[in-house]
Amino acid sequence: MVLNISEGKKLFDQKKLPGHVAIIMDGNGRWAKRRGMNRIRGHQAGAESVREIVRTSRELGLRWLTLYAFSEENWKRSKYEIQALMKLLRRFLKSELEEMLENGIRLQAIGRITKLDAQTRDMLAKTMERTAGNHDMVLTLALSYGGRQELLDAFRSLALQLEQGNISLDQVSEKTISRSLYTSTMPDPDLLIRTSGEYRISNFLLWQIAYTEFYVTPTLWPDFRKKEFLRAIEDYEKRERRFGATSEQIEQET
Ligand code: FPP
């Protein structure tokens, strides 16, 4: 489906649009439970929300969308649920490839991808390769992702470089840490959305969200669709981001 991008772009002030939106997609299990269904049905409905939010992001002209699709902690779930989630992910990659190609969306993944099964890794690699030339929007899936693990990997890599004499201690800075993260080529998120009403970060992008705006909604992820996503963006556009400065200082800058 070729998306109606010019119409979407008219909805918001493009200058105020968040460059990078990250989402903690939560509440699939509760959504299913409330309907007397199996948790997997909740994930299936959640995959529909993923489709709709990716489409809407592209229509609005967002440049970066990052979805927390599978955390390091999610490995604790039953084998049955993990397999179902991986299957849904593969199905998504297959069904959305055409749309990503038609609409300039590049897919990438962050996390300890090597822990995923070979079939899923293979599909991810192929999708990333096929979409590598797209430049309009980057869809990042956080898979087997944990913020502390990411920091640990970064610190180990910096420590190794120090040990080998490739960098000196004063070269270890905020910039070099950022560059050692899985997100090294990405801007920090401007807006972080969490569904299902929990006020937690759940080990997501710990370093990167230092100045990120939050939007928490009680809506469960399978019910989080275009209308509420637009509401979250609208809410963000009304906020004043000060990055530690005062309102007056911000006014003088603009
Ligand atoms: C949280 O719901 C959600 C997840 C653990 C995974 C997110 C997965 C999807 C949205 C489905 C498919 C993904 C893609 C990329 C196609 P939960 O199970 O923790 O819900 P609960 O807290 O209500 O139990």
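Reply: Buried here means under 20% relative accessible area, with exposed meaning over 50% and partly exposed in between, for a 1.4 Å probe and protein chains only. This is a predicted model, in which local features need pLDDT of at least 70 and side-chain atom pairs count only at pLDDT 80 or more, while totals for chains, interfaces and linings use all residues. Residues are numbered from 1 along each chain as its sequence is written, and side-chain values use heavy atoms, with hydrogens and water left out.

The helix I take is α8, residues 226-238, where helices (H or I, at least four residues) and strands (E, at least two) are DSSP runs numbered from the N terminus. Helix α8 has 13 residues and reaches 19 Å from its first C-alpha to its last, which is close to the 18 Å expected at 1.5 Å a residue; that expected span is 1.5 Å times one less than the number of residues.

Within α8, the buried residues are E228, F229, L230, A232, I233, Y236 and E237, a list that includes the two glutamates E228 and E237. As for what lies against them, the buried residues of α8 pack against the strands β1 (20-24), β5 (191-194) and β6 (213-216), and also against helix α3 (39-60), contact being heavy atoms within 4.5 Å.

For comparison, a buried residue in another helix is Q149, with a relative accessible area of 17%, which has its place in helix α6 (residues 147-163). Q149 touches E72, E73, R112, Y182 and N203, not counting residues up to four places away in sequence.
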